[in-house]
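Here are my notes on this model.

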Amino acid sequence: MITFIPLTGFLGAGKTTTMTAAALALQEQGRKVAVITNDQGVELVDTKLVRSKLDSVAEVTGGCFCCKFEDLVEAIVALVASDSVDTVIAEAVGSCTDLQATVVRPLRQYYGDDMVVAPLTTVVDPLRHLAFARAAERGEPESDLSYLFRQQVTEADVIAVNKLDTIKPERAEELLAALRTSNPKATVVGYSATTGAHLDTLLDAWQAPATNEDVVLDIDYDRYAAAEAQLAWMNQELDLTAAGEDFDATAWARTVLQELSVWSAEHDAVIGHAKITVETADGDFAKLSLTESGAQPTLDRAASAHAPAGRAVVNARVACEPDALDAAVTEAVKAADLATAVTSSATTPVSFKPSYPRPVHRLAPAGA
């Protein structure tokens, strides 16, 4: 019997960092853990970072688990068969919701003899939550993105507030208390996946029974689709060559994200997330991420040395038109090339808006 741990949560909440940190912690407890990344696009930045830390990694691309349900099942089966794992942690696309009906219940109904499905966990970025809350307090109409965020929180068995180290302790306590009051059926935990502080509270929550499994989201799929369509999704690969003997891969990636951050702030474009890896010719790589317009990029991994050449992968999810995102990234790359003495050659940008969500299954709670 294997354990399947499903994670959801808005773009930039830290699902991949949470998944990786939790997998490592469970391995220390003697579990054999595999993870599955997921995205609407291909060439996933997160997959490379996870594979640098874990042995058993798979990905489901081209759509969320709800619309790629059989792909998810095949990935689970393949991991169990090849690596003899007993625990699989999977993170859904950051713009997906309604997972209780489209993923959790179908897995329990059709594969319950072979699989225990842990409580559905929604990972929350406290700053993103506070931004949506402030907009509501000002009386602003609920945006489609805020609507999507609210649905993700509403259906959670476990609300996992990540990045608590980024806000003051008193604000953290207020946020946790507010979430417990507004979501009485959910278990609310706070932790930092980056530092590992209080991660044990999340692991403990996964051992408890699901408390919100009978939830039925009052969800408007047209509005859900509109929220996803607000975000342009871009995946692009670039070959990088140093103008001199070598270049700084970390500095190049940081400059691209800094330029994109400035552009997004100037154009009032919400960043879901933007991530870059640069793999150097010797197999080392740098990885940086950005989750807020106008903010500085976060360094997730630095390349250990300069290199003569490398290959970059850019994943960007920004609330703008695909053509505008293509142009913004192109200009950001030019700035990074100039700043770090690099010549870059890019594939054609692959920017798009997700198609209408059409889940394979959508099951009501038992007895409903």
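1. This is a predicted model. Start with helix α3, residues 69-83. At 1.5 Å a residue, its 15 residues should span 21 Å. The end C-alpha atoms of α3 are 21 Å apart, so the model agrees with that expectation.

2. Which residues of α3 are buried? They are Phe69, Leu72, Val73, Ala75, Ile76 and Leu79. Viewed down the axis of α3, these buried residues fall within an arc of 160°, so they line one face of the helix. The general rule is that an α-helix has 3.6 residues a turn, so residues three or four places apart point the same way.

3. The face of α3 turned away from that buried side carries exposed residues: Glu74, Ala81 and Ser82.

4. What do the buried residues of α3 pack against? The partners are the strands β1 (2-8), β2 (33-38), β3 (57-60), β4 (87-91) and β5 (115-117), plus helix α4 (99-111).

5. Now the whole chain. Its secondary structure comes to eleven helices and 15 strands. The radius of gyration is 20 Å, close to the 21 Å that the globule rule gives for 368 residues, so the chain is as compact as a globular protein of that length. Along the principal axes, the C-alpha atoms fill a box of roughly 65 × 50 × 40 Å.

6. Of the 368 residues, 56% are buried. Among contacts between residues at least 6 apart in sequence, 79% join residues at least 24 apart. The chain exposes about 15,300 Å², and carbon and sulfur atoms supply 50% of that area.

Definitions and conventions: Residues are numbered from 1 along each chain as its sequence is written. This is a predicted model: local features need pLDDT of at least 70, side-chain atom pairs count only at pLDDT 80 or more; totals for chains, interfaces and linings use all residues. Side-chain values use heavy atoms; hydrogens and water are left out. Helices (H or I, at least four residues) and strands (E, at least two) are DSSP runs, numbered from the N terminus. The expected span of a helix is 1.5 Å times one less than its number of residues. Buried means under 20% relative accessible area, exposed over 50%, partly exposed in between (1.4 Å probe, protein chains only). The arc is that of the directions from the helix axis to the C-beta atoms. Contact means heavy atoms within 4.5 Å. The radius of gyration is taken over C-alpha atoms; the globule rule is 2.2 Å times the number of residues to the power 0.38. Accessible areas come from the Shrake-Rupley method with a 1.4 Å probe; for residues, only the protein chains shown count as cover.
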